[in-house]
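Hi there,

Here is the structure I promised to pass on.

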Amino acid sequence: MSGFPDIFVAGMKYFSILIFLIAPACVQAQNRELDLRDQWQVYQSGQYVPFANQKTQAIHIVLNNSLNGGFLQITDRHEFSVFVDGVLAWRSADSLKINTDSLLRVKGVTQLSFFQEPFVFSLQTRLVFPGQQTPDQNALRPASYFGNFIIIVTLLLLFFFVALFRANPQLTFDYLNVIKLISLQERDEATVTGRIGASLNLLYFAFVSFLFAWLLLVLLHYSVNRFALSTYVVTQSTAGAFTTWLLLSVAVFVVLMFKLLLIFVFSQLFGLRDTIRFQFFHFVRLLFITGVGLGVILMLFFILNVSSPSAYTLLVLVVSILIIISVAFLFLKLLGRTGLPVFHLFSYLCASEIIPLIILGKVLLF
């Protein structure tokens, strides 16, 4: 085992170099997008006027030959109808792609109308040019600001992770120990993890917060408004994405500390004072392993240029299932560790784990 940390560090160095080499190609290969929200119009008092965030059931967009060569992508969690020159053409929910060349081939100018009940709220309309430069954009400036944000944050998180590993390799391996996460046997958490409030542990908690905030922002962005929180984390620039990421990181860290407080309070009420550290580190280890694994999968998505919103939505579903399974493992672990009656232990987990997860899932996903 003495040489394993050196192999790990060498692997991380080669992985970082690989990211540096692949990143420019990924940015170059990304689709160019043009948000058409600025071109929305509403019909008022017998004329079309620019959309100004007013409540309306219908919005209108005029397409002309300057916007050909791509496809129009319409997305919303709720059902919407699309009219072409006043004639119903599509009714869909989730996502719809329309080839602009087909629409403009006959007339050269086409009016698209989008209808929703009770009113248009979170509809998105983007003109996507595969591998091309969008109109009215500087060729020297990358169109995908979010791609730049992803690359920079990925490198920052990699450097943070390597720094944590170099500071304490044994603690890093402990947080990444999948066997400890799923094992039902008694294991001593104090030998490696130590005190919850230790400075190095707080750095790991901060890393988990930064990592999960990044993952959450990426998944919400590429799942294209399939979750309720997507409406509230809309970013329009690299600086805006960084600001949102930092705010989300603080929010995740606060949730993590609130989780610790819940475990402390309910462990006192249910007479399980010896399980606080064990239960909290089980949760942090789950977040650490899940976050690193999900981050690797997302990087492969970017390398392979996966753009399907369903793929990113599926990742959220998989993570949710893994968290539920981890609660079941925690129940079995505590059952063998404490020897308490099943109903007593289940009531404790409902208060400290299950109900908070349901509330958090409701806020984030629905």
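**What is in the model**

The chain contains 10 helices and eight strands, where helices (H or I, at least four residues) and strands (E, at least two) are DSSP runs numbered from the N terminus. Please keep in mind that this is a predicted model, in which local features need pLDDT of at least 70 and side-chain atom pairs count only at pLDDT 80 or more, while totals for chains, interfaces and linings use all residues. Residues are numbered from 1 along each chain as its sequence is written, and side-chain values use heavy atoms, with hydrogens and water left out.

**Overall figures**

Of the 366 residues in the chain, 46% are buried. Buried here means under 20% relative accessible area, exposed means over 50%, and partly exposed is in between (1.4 Å probe, protein chains only). The chain exposes about 18700 Å², and carbon and sulfur atoms supply 66% of that area; accessible areas come from the Shrake-Rupley method with a 1.4 Å probe, and for residues only the protein chains shown count as cover. Taking contacts (heavy atoms within 4.5 Å) between residues at least 6 apart in sequence, 74% join residues at least 24 apart.

**Salt bridges**

You will find three salt bridges, each defined as a side-chain nitrogen of Lys or Arg within 4 Å of a carboxyl oxygen of Asp or Glu. Asp174 takes part in a network of salt bridges with Lys180 and Arg285. Its bridge to Lys180 has the closest N and O atoms 2.5 Å apart, and both Lys180 and Asp174 are buried. The bridge between Arg285 and Asp174 comes in at 2.8 Å, N to O. Since Arg285 lies in helix H8 and Asp174 in helix H4 (residues 169-175), this pair ties together parts that are 111 residues apart in sequence. Arg285 is buried, like Asp174.

Lys259 forms a salt bridge with Glu353, with 2.6 Å between the closest N and O atoms. Here Lys259 belongs to helix H7 and Glu353 to helix H10 (residues 342-365), so the pair ties together parts that are 94 residues apart in sequence. Lys259 counts as buried because its relative accessible area is 7%, and Glu353 is buried at 2%. Lys259 also lies over the face of Phe283, at 4.8 Å from the ring centre; the rule asks for NZ of Lys or CZ of Arg within 6 Å of the ring centre and within 35 degrees of the ring normal.

**Aromatic pairs**

How many aromatic pairs are there? The count comes to 25, using rings of Phe, Tyr and Trp (its six-membered ring) whose centres lie within 6.5 Å; planes under 30 degrees apart count as stacked, over 60 as edge-to-face and the rest as tilted. One of them is the tilted pair of Phe146 and Phe149, at 5.4 Å centre to centre with 45° between the planes. These two sit three residues apart in helix H3 (residues 145-167), so about one helical turn separates Phe146 from Phe149. Both Phe146 and Phe149 are buried.

Tyr222 and Phe302 form another tilted pair, 5.8 Å centre to centre and with 45° between the planes. This pair links distant parts of the chain, 80 residues apart: Tyr222 is in helix H6 (residues 199-222) and Phe302 in helix H8 (residues 276-303). Tyr222 is buried because its relative accessibility is 17%, and Phe302 is buried at 16%.

**A loop residue and a strand residue**

Leu229 is found in the loop between H6 and helix H7 (238-269). With a relative accessible area of 15%, Leu229 is buried. Leaving aside residues up to four places away in sequence, Leu229 touches Leu216, Leu220 and Leu364.

Asp35, in strand S1 (residues 32-35), is partly exposed, with a relative accessible area of 28%. Beyond residues up to four places away in sequence, Asp35 touches Thr125 and Arg126. Asp35 and Thr125 are 90 residues apart in sequence, with 6.3 Å from C-alpha to C-alpha.

Best wishes
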